Amino acid sequence: MDLICVRPEGLYCPAGDFYIDPWRPVDRAVITHAHGDHARGGSSRYLAAQPAASVLRLRLGDVTLDTLPYGARIRMRDVTVSLHPAGHVLGSAQVRIEHRGETCVVSGDYKLAPDPTCDAFEALRCDTFVTESTFGLPIYRWVDPAIVFDDIAAWWHGNATAGRTSILYAYAFGKAQRIETELAAVGALDIGPLVVHGAIASLNAAYRAAGVLVPPGQRVVDTDKSALRRALVLAPPSAAGTPWLRRFGDFSDALASGWMQVRGARRRRALDRGFVLSDHADWPALDAAINATGAARIIVTHGHVPVMVRWLNERGWRAEAFATEFDDQGEADALPPPASDTAVNATGAADANVPNGAADAETDATGAAEATDATGAPAAAINAADAPHA
Ligand SMILES: [Zn+2]
Ligand SMILES: [Zn+2]
């Protein structure tokens, strides 16, 4: 019997009788991380890594949630389960399943690049490794993130000197906190005020509740107009092209995403800058991570699945695909819509990241655009059609 299989509800471990990141409600859900396509509501009982608790509660509300410290082992039916850092976002975990000497690791989403806001990816030996492949094409090779953060700081400094607001779009959960923390670390917060959109402010609070001291940032309503001219404003990509931007006078805008590596992705969206920064493994990192497992069997769940499966099989692995309902585009909602899609966006095709939009709308009186986040409508379906497949 295989340790892991796919059922209509999600990835399933028969010997342990639990699901991992199910897309339909189940009795027992083990959650790799709190992104919307991996952590969905409606299940009876959840298990996640301890550092994921505050963000999961923000997203899923008052669910029955058990947590495990990284590395701790528990028994679930006939298997031993432990959770290990995946390096993707706060609380992200690889699920290690052991049964009669055989091991399977379900990695969820992961990256190997350093990130001060979460624990580093842990390489685990196993017989079967279940991997994502969001950026599983040889064209995806990230530059050193330290260079990217210096570039962001230089762009911000240039704008501030010219009296222009810097608006940086970034995935509200994970990416935004990573950027804020790294900018603080290089001393860039001296340039001007760090202003955050409501969607990001609520995630920042969840990070701080988990002991990750992300700079909290200030709200735009609390920032006077003259100070805004030197500000870096962090906003989810769904804010692009909305009336929320009207409060800023002259501004320069940019997007931080792995997709910015694709030539034309920035230009098509009429952004001033694109910073290549991803919370997923690039092609060499996928290769390195898979190699480090020593696994004979590799299962690819989402992203560039056929390319990865073929490449692995050609190199002697036993690789196969599982059809899942994880977001194939990974950072798809990190893509602002092209100008022609603005109407779609304004109707509430808000950021799929925004967990508990209602709470945000309450605490935010700044305007219609932020209130659209309250719908929590999944943007992925809309943006996926538009995402670069190159
Ligand atoms: Zn994710
Ligand atoms: Zn994913």
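Biologist: Which residues of helix α8 are buried?
Modeller: In this predicted model, Val-305, Met-308, Trp-311 and Leu-312 are the buried ones in α8, which covers residues 305-314. Buried here is 20 or more other C-beta atoms within 10 Å of the residue's own, exposed is 12 or fewer, and partly exposed is in between, with C-beta atoms placed from the backbone. Helices (H or I, at least four residues) and strands (E, at least two) are DSSP runs, numbered from the N terminus.

Biologist: Where do those buried residues fall, seen down the axis of α8?
Modeller: They fall within an arc of 140°, so they line one face of the helix. The arc is taken from the directions from the helix axis to the C-beta atoms.

Biologist: And which residues are exposed on the other side of α8?
Modeller: Pro-306, Arg-310 and Glu-314.

Biologist: What covers the buried residues of α8?
Modeller: The cover includes the strands β11 (128-133), β17 (297-303) and β18 (318-321). Also, Gly-316 follows α8 and has a positive phi, near 100°.

Biologist: Tell me about β11. How many of its residues are buried?
Modeller: Six of its six residues are buried. Thr-128, Val-130 and Glu-132 point one way, while Phe-129, Thr-131 and Ser-133 point the other way.

Biologist: Which strands does β11 pair with?
Modeller: One is β10 (residues 102-106), which runs parallel to β11 and is joined to it by three bridges; there, Val-106 stands opposite Val-130. Another is β17, also parallel to β11, over five bridges, where Thr-128 has Arg-297 as its bridge partner. Two strands count as paired if DSSP finds at least two bridges between them.

Biologist: What holds paired strands together in general?
Modeller: Strands of a sheet pair through backbone hydrogen bonds, either parallel or antiparallel.

Biologist: New topic: in what order do the six strands of the open sheet come?
Modeller: The order is β1-β2-β3-β4-β5-β6, with mixed pairing. At the edges stand β1 (5-7) and β6 (65-68), each with a single partner strand, so one side of each has no neighbour in the sheet. Neighbouring strands are turned by 35° against each other on average, direction ignored. Axes are lines fitted to C-alpha atoms, for helices over the stretch in contact, and angles between N-to-C directions run from 0 to 180 degrees.

Biologist: How do β3 and β4 pair?
Modeller: β3 (residues 18-20) and β4 (residues 28-30) are parallel, with two bridges. Ile-20 has Val-30 in β4 as its bridge partner.

Biologist: What does α1 lie across?
Modeller: α1 lies across β5 (45-49) and β6, and runs at about 160° to β6.

Biologist: I'm curious about Ser-54 in α1 (residues 53-60). Buried or exposed?
Modeller: Ser-54 counts as buried, because it has 21 C-beta neighbours inside 10 Å. Leaving aside neighbours within four places in sequence, Ser-54 is in contact with Ala-206, Ala-209 and Ala-210. Contact means that the C-beta atoms, placed from the backbone, lie within 7 Å.

Biologist: What about the core? Which residues have the most contacts inside the largest nonpolar one?
Modeller: Leu-168 and Leu-234, in a core of 106 residues. Helix α4 (residues 198-209) gives the most to it, with six residues. A nonpolar core is a set of buried Ala, Val, Leu, Ile, Met, Phe, Trp, Tyr and Cys residues joined through C-beta atoms within 7 Å.

Biologist: Which residues does Leu-234 touch?
Modeller: Beyond four places in sequence, its contacts include Leu-168, Ala-170, Ile-179 and Val-196. Leu-234 belongs to β14 (residues 232-235), where Leu-232 and Leu-234 on one side and Val-233 and Ala-235 on the other are all buried. β14 is parallel to β12 (residues 165-169), with four bridges, and to β13 (residues 194-196), with three.

Biologist: Last one: what is the average pLDDT of the chain?
Modeller: It averages 86, and 84% of the residues score at least 70. pLDDT is the predictor's confidence in each residue, from 0 to 100. Over residues 336-390 it is below 50. Where pLDDT is low, the predicted coordinates should not be read in detail.

Definitions and conventions
Residues are numbered from 1 along each chain as its sequence is written. Chains are lettered from A and ligands numbered from 1 in the order in which they are written. This is a predicted model: local features need pLDDT of at least 70, side-chain atom pairs count only at pLDDT 80 or more; totals for chains, interfaces and linings use all residues. Two residues are in contact if their C-beta atoms, placed from the backbone, lie within 7 Å.
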